[in-house]
Structure formats: C-alpha cells, structure tokens
Amino acid sequence: ERTDALVAPNINYGNSAVFAAFPGTIHVRPETLANVVRDVCQSLITQGFRRIVFVDNHGGNEAVCEQVARELKEEHGVVIGNIYPWGLGYQLMRDTYDDATAAYGHGAEPETSAMMGMFPEDVVEARRESGQLQPFAGWSASGYSKVEVPGQAAPGTVYLDTDELTTNGVTGDGSVATAERGQVWIERVVGFAVAFIEQYDRLTRDAEWATQPPARRLVGVSV
C-alpha cells in the first residue's frame, strides 16, 4: 500500500524437504518450484512487466529464487530484486533482546513475536515451545547446515535435516515473544521493504532494460 506496487497471487508451496519428517509438511522439489516461479515470471514479462521483486519468506526457497532470477536476466534482461522478511527480522531486531543468540531460531524468535503482532488470532499459546539444536552423529550444529569445526572461528557446512537436530522443530526461545516486540518487527521489516522497493523503483524506472519490452521470437516448426 505504501509503495503502490502491484502484488501477484502467492505461490503457497515451497522447498521444505529439510522439514519433511514433521507431519503436515508439504513441499515441492526445487526444480518444481523453479519451474512454477519461472513460468509465472515469464507470463508477467510476456504481458509487459519488466520490474519484479520476489518476496520470499522461506530460506529453502532462496537458492531457487536466485537461480530463476539469473536465468530470467540472461534471457530477458530483467533485473529482479528479492526481499526475505524473516532474514531481515534477524538482522534488524537484535537490540530488542537481552540475548538474541539464545532467543533466535526456527519456530522461536523473532518469528513468534512477528506472528503475535500480525495475526494474534492464529497464535495458540498452549502450543508455544522452545527448543535447541542437539548434536548429531558427532556434529555440533549452529544451524541446519552449519556445524562447528574444532579450532576454527567459522562454521563448516554439512546438509542435515531438522529432525536430526531437534525433537520439535524449534531451535530458540519463544518464551520471550511478545505482541509489542512483534509491532517493532512490523515497523522495521516493513520499513526496510518499503525503502528497498522505493530504491528499486527509483533506480529502474528509467533504465533502458526496464522500458523496453522483451523481443518476441519467431519460431519455425517443421511437421
């Protein structure tokens, strides 16, 4: 509303294989998601849209979004932006916690506060839990794919699944969540998103690639 941008319908399934062991998870393969996102964008580009920003709120989709954006840039010359609200929340909310490292995590903070601020009617207090990453097969994990390496300050990468590292899917302290903190999340994350879209708009509206429609290709078919 604040940017006057057009919003396309949501794509409601994503790449969530890392959570597949938890009942209720419905996910699609990366190539399936890539095909859907690509086809939606192709349809928009064919109709004349040249400026597109993905709003992707799931980490498992990030690699797919980049792949599709780069393919469309190569094919059509469009330069696609991306906004990842949960990732922004992690970066913008640290000063609101006594110990952000302990609070942050999947199914914990700042996600729970954000949901309490945006959709309080959907938050079931009795089911709110905390959790932490557990060792798996000798690995000490700091994330689903990040593990500690003895003597090294930087983590290593090993592709593990959620159920191997946590019993309930939660990896932080959701007990510190509040609706008031959720309002801060909304203000900061939405504020960043608005600023980003305004910057994207300002820098692209007169760009040659953005004002020129994609060239139509003539294809001969032998039968």
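Reader: Where does Lys-73 lie?
Author: In this predicted model, Lys-73 belongs to helix H2, which covers residues 62-76.

Reader: Is Lys-73 buried or exposed, or something in between?
Author: Lys-73 counts as partly exposed, because its relative accessibility is 46%. Setting aside residues up to four places away in sequence, Lys-73 touches Val-78 and Val-79.

Reader: And how far is Lys-73 from Trp-209?
Author: Their C-alpha atoms are 10.0 Å apart in space, while the two residues are 136 apart in sequence.

Reader: Let us turn to the chain as a whole. How many helices and strands are there?
Author: The chain has 8 helices and 4 strands. Their order along the sequence is α-β-α-β-α-α-α-β-β-α-α-α. The C-alpha trace spans about 60 × 45 × 40 Å along its principal axes.

Reader: What share of the residues is buried?
Author: Of the 223 residues, 32% count as buried. As for contacts between residues at least 6 apart in sequence, 67% of them join residues at least 24 apart.

Reader: Which residues of H5 are buried?
Author: They are Glu-111, Thr-112, Ser-113, Ala-114, Met-116 and Gly-117. That is 6 of the 8 residues in H5, so the helix is mostly covered.

Reader: What covers them?
Author: The cover includes H3 and H7. In H3, residues 85-92, the buried residues are Pro-85, Trp-86, Gly-87, Leu-88 and Gly-89. Their own cover includes strands E1 (53-55) and E2 (81-83), together with H5 and H7.

Reader: How do H5 and H7 lie relative to each other?
Author: Their axes come within 7 Å and cross at roughly 90°. The two helices are therefore roughly perpendicular to each other.

Reader: Which residues meet there?
Author: From H5 there are Ser-113, Ala-114, Met-116, Gly-117 and Met-118; from H7 there are Ala-179, Arg-181, Gly-182, Gln-183, Trp-185 and Ile-186. By type, the residues of this contact divide into 6 nonpolar, 4 polar and 1 charged.

Reader: Which parts of the chain does the pair tie together?
Author: Phe-19 is in the segment before helix H1 (30-46), whereas Tyr-144 is in the loop between helix H5 (111-118) and strand E3 (146-147). The pair therefore ties together parts that are 125 residues apart in sequence. Phe-19 itself counts as buried, at 13% relative accessibility.

Reader: One last topic: what is Thr-162 in contact with?
Author: Leaving aside neighbours within four places in sequence, Thr-162 is in contact with Val-18, Phe-19, Phe-22, Tyr-144 and Gly-169. Thr-162 is found in helix H6, residues 162-165, and is buried, with a relative accessible area of 0%.

Terms used
Residues numbered from 1 in each chain as written. Predicted model: local features only at pLDDT ≥ 70, side-chain atom pairs only at ≥ 80, totals over all residues. Heavy atoms only, no water. Buried < 20%, exposed > 50% of the residue type's maximum accessible area, 1.4 Å probe, protein only. Axes fitted to C-alpha atoms, helices over the stretch in contact; angles between N-to-C directions. Parallel < 35°, antiparallel > 145°, perpendicular 65-115°, else oblique. Contact = heavy atoms within 4.5 Å. Nonpolar A, V, L, I, M, F, W, Y, C, P; charged D, E, K, R; others polar.
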